[in-house]
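Visitor: I have a structure open and would like to learn how to read it. Where do we start?

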Amino acid sequence: MTAPPDDCLARNEWICGDYLSTRRHILLDAVGQHLQLTVLSVLIGLAIALPLAVLARRWGWAAGPVLAVTTVLYTIPSLAMFSLLLPVYGLSAALVVAGLVLYSLTLLVRNILAGLRAVPEDTRQAARGMGYGPVRLLLTVELPLALPAAMAGLRIATVSAVSLATVGAIVGFGGLGNLIYAGMNTYFKAQVLTASVLCVVIAVAADLLLLGIQWLITPWTRARRG
Amino acid sequence: MNTLTDAWNWLTDSAHWAGDDGVWHRLGQHLVLTVVCLVISCLIALPIALVLGHLGRGGALAVNISNVGRAVPTFAVLVLLLLTPIGDWGEGPTVVALVLFAVPPLLTNAYVGMREVDRDVVRAARGMGMTGRQLLWRVEAPLAMPMIMGGVRIAAVQLVATATIAALAGGGGLGRIITAGFNLASTPQVVAGAVLVAVFALLVEAVFEVAERLLPRRGTR
């Protein structure tokens with residue numbers, strides 16, 4: 001008979017190097033799923049939010065209802081949102097993605113619309129005077145000027161999606177949330193802490209990445225100050 | 001559509017409303033958790049924010065704490081607290097987590113509200129010989145009230161959502177109906193619970209909407 005191992009896993013310590021080395025694959029899989037869920041939902045959210053915001057800007061009457069619906073969606077707690085989608089998607093990754101899309105959509109529509117509305121009327125008039133049609137005006141004047149506000153929304157939406165994806169553990173597709181959920185049921189401290197810290201690391205990394213992208217694609221915001 | 005009628009039948013069955021696992025009991029828990037934690041959070045956050053805003057110090061902290069709060073998953077914090085000694089006293093982890101997530105929006109909004117008070121008004125008040133305390137209570141705080149109330153509203157909605165997730169970590173409240181539904185593999189119960197949570201959250205939002213519409217009238221009287 002061998003003596004029970006006396007390592008940090010056996011002692012159930014919060015911080016445990018052995019956990020990292022022995023469960024590396026589980027952690028990497030969970031991180032992979034977490035990133036997939038987040039990236040997919042934010043991209044789909046962006047693809048829906050952009051036209052919605054542009055339409056709401058074009059037709060003033062549409063802005064009220066669009067904003068009202070997004071506010072209602074955003075007020076619904078994440079666990080309830082995922083549960084309401086259960087009859088449609090069943091226990092699947094699509095359910096989690098759909099829920100996260102609805103939240104990102106809300107944040108993105110509000111921010112893009114705010115950005116478009118903040119474009120000075122003089123600027124629009126000037127572009128029209130130079131013979132810009134509506135499409136060219138939108139693509140080369142309005143959208144670039146709305147970028148800082150839109151990127152702020154994108155950063156909030158991404159960070160929120162990273163955090164909310166953990167709740168997907170209720171249907172078994174929560175990325176790192178799955179590890180937190182399993183760790184809770186077995187009182188596995190190292191697993192819960194490691195997965196939680198990784199969530200925050202992903203959120204911060206995504207935020208910095210988007211900040212970097214914004215810096216690269218909006219050179220004009222720096223030129224003025226420099 | 002079948003699930004919807006099943007969920008409706010679940011909701012209209014009076015047996016599901018009575019008892020310790022019943023809707024009334026869970027609704028009561030949810031309401032008490034939300035209100036108690038909102039009061040605790042306000043008592044912690046507002047004095048700090050009002051004083052910092054009045055002095056104009058600690059702005060970076062007060063503004064950035066909201067971003068930090070967003071990056072930390074509520075579910076992770078609930079489970080982490082559950083595994084600490086706090087987990088031994090019943091709703092302890094839920095209350096602590098709820099307060100932790102309600103404080104950032106309160107702090108940020110109240111601080112920004114205080115700083116956005118027109119500086120000319122502040123200088124005029126000082127010129128009239130107001131002390132710092134009078135300035136804070138009679139000028140800055142009343143003018144910052146819309147922003148402060150906005151923060152309370154965000155915090156309240158956040159509290160309702162966090163209290164729901166608390167059910168995943170064994171906390172009480174309406175979320176328990178959803179988690180119990182998942183454990184029973186009963187989609188109607190899951191949907192019924194979700195509808196109750198959503199309606200509750202929207203009602204909370206509506207209460208603040210009404211309160212905010214009534215508020216400005218006091219200021220302009």
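**Reading the two chains**

Guide: We start with the make-up of one span. Residues 31-210 of chain A are 84% helix and 0% strand, with the end C-alpha atoms 19 Å apart. Keep in mind that this is a predicted model.

Visitor: Which feature does UniProt place at residues 31-210 of chain A?

Guide: The record, an unreviewed entry, gives "domain: ABC transmembrane type-1" for that span. Chain B carries the feature "domain: ABC transmembrane type-1" in UniProt at residues 27-208, also from an unreviewed entry. That span of chain B is 82% helix and 0% strand, and its end C-alpha atoms are 19 Å apart.

Visitor: How many helices and strands does chain B have?

Guide: Nine helices and zero strands. Along the sequence the pattern reads α-α-α-α-α-α-α-α-α. The C-alpha atoms of chain B fill a box of roughly 70 × 45 × 25 Å along the principal axes.

Visitor: Now helix packing. At what angle do the axes of H2(B) and H7(B) cross?

Guide: Look at the axes, then the handedness, then the residues. The axes of H2(B), residues 23-55, and H7(B) cross at roughly 145° and come within 8 Å. The crossing is right-handed. On the H2(B) side the contact residues include B:His30, B:Cys37, B:Leu46 and B:His54. On the H7(B) side they include B:Gly132, B:Glu140, B:Val152 and B:Thr164. By class, the contact between H2(B) and H7(B) has 14 nonpolar, five polar and one charged residues.

Visitor: How does one find empty space in a model?

Guide: Rolling a probe the size of a water molecule over the atoms shows where empty space is left. Here the largest pocket holds about 1200 Å³ of space. Its lining has 35 residues, and those closest to its centre are A:Tyr74, B:Arg70, B:Pro105, B:Ile154 and B:Gln158.

Visitor: Which helices each supply at least two residues of that lining?

Guide: From chain A, they are H3 (60-75), H6 (93-117) and H8 (134-164). From chain B, they are H3 (59-71), H5 (92-115) and H7 (132-165). H7(B) gives the most to the lining of the largest pocket, nine residues. By class, that lining has 16 nonpolar, 15 polar and four charged residues.

Visitor: What volume does the second largest pocket have, and which residues lie nearest its centre?

Guide: About 540 Å³ of space lies in the second largest pocket. Its lining has 24 residues, and A:Val42, A:Leu43, A:Leu46, A:Leu154 and A:Leu210 lie nearest the centre. In chain A, H2 (24-58), H6, H8 and H10 (189-217) each supply at least two lining residues of the second largest pocket. H8(A) gives the largest share of that lining, nine residues.

Visitor: How does the lining of the second largest pocket divide by class?

Guide: Into 22 nonpolar, two polar and no charged residues.

Technical notes:
Residues numbered from 1 in each chain as written. Chains lettered and ligands numbered in written order. Predicted model: local features only at pLDDT ≥ 70, side-chain atom pairs only at ≥ 80, totals over all residues. Heavy atoms only, no water. UniProt positions renumbered as here; feature names shortened; annotations may be inferred. Helix = DSSP H or I, 4+ residues; strand = E, 2+ residues; numbered from the N terminus. 1 Å grid on protein atoms, 1.4 Å probe; cavity = no way out; pocket = protein on both sides within 12 Å on 5 of 7 lines; lining within 4 Å. Points joined across faces, edges and corners; volume = space filled by probe spheres on them. Nonpolar A, V, L, I, M, F, W, Y, C, P; charged D, E, K, R; others polar. Axes fitted to C-alpha atoms, helices over the stretch in contact; angles between N-to-C directions. Left-handed = near helix turned anticlockwise from the far one by under 90°. Contact = heavy atoms within 4.5 Å.
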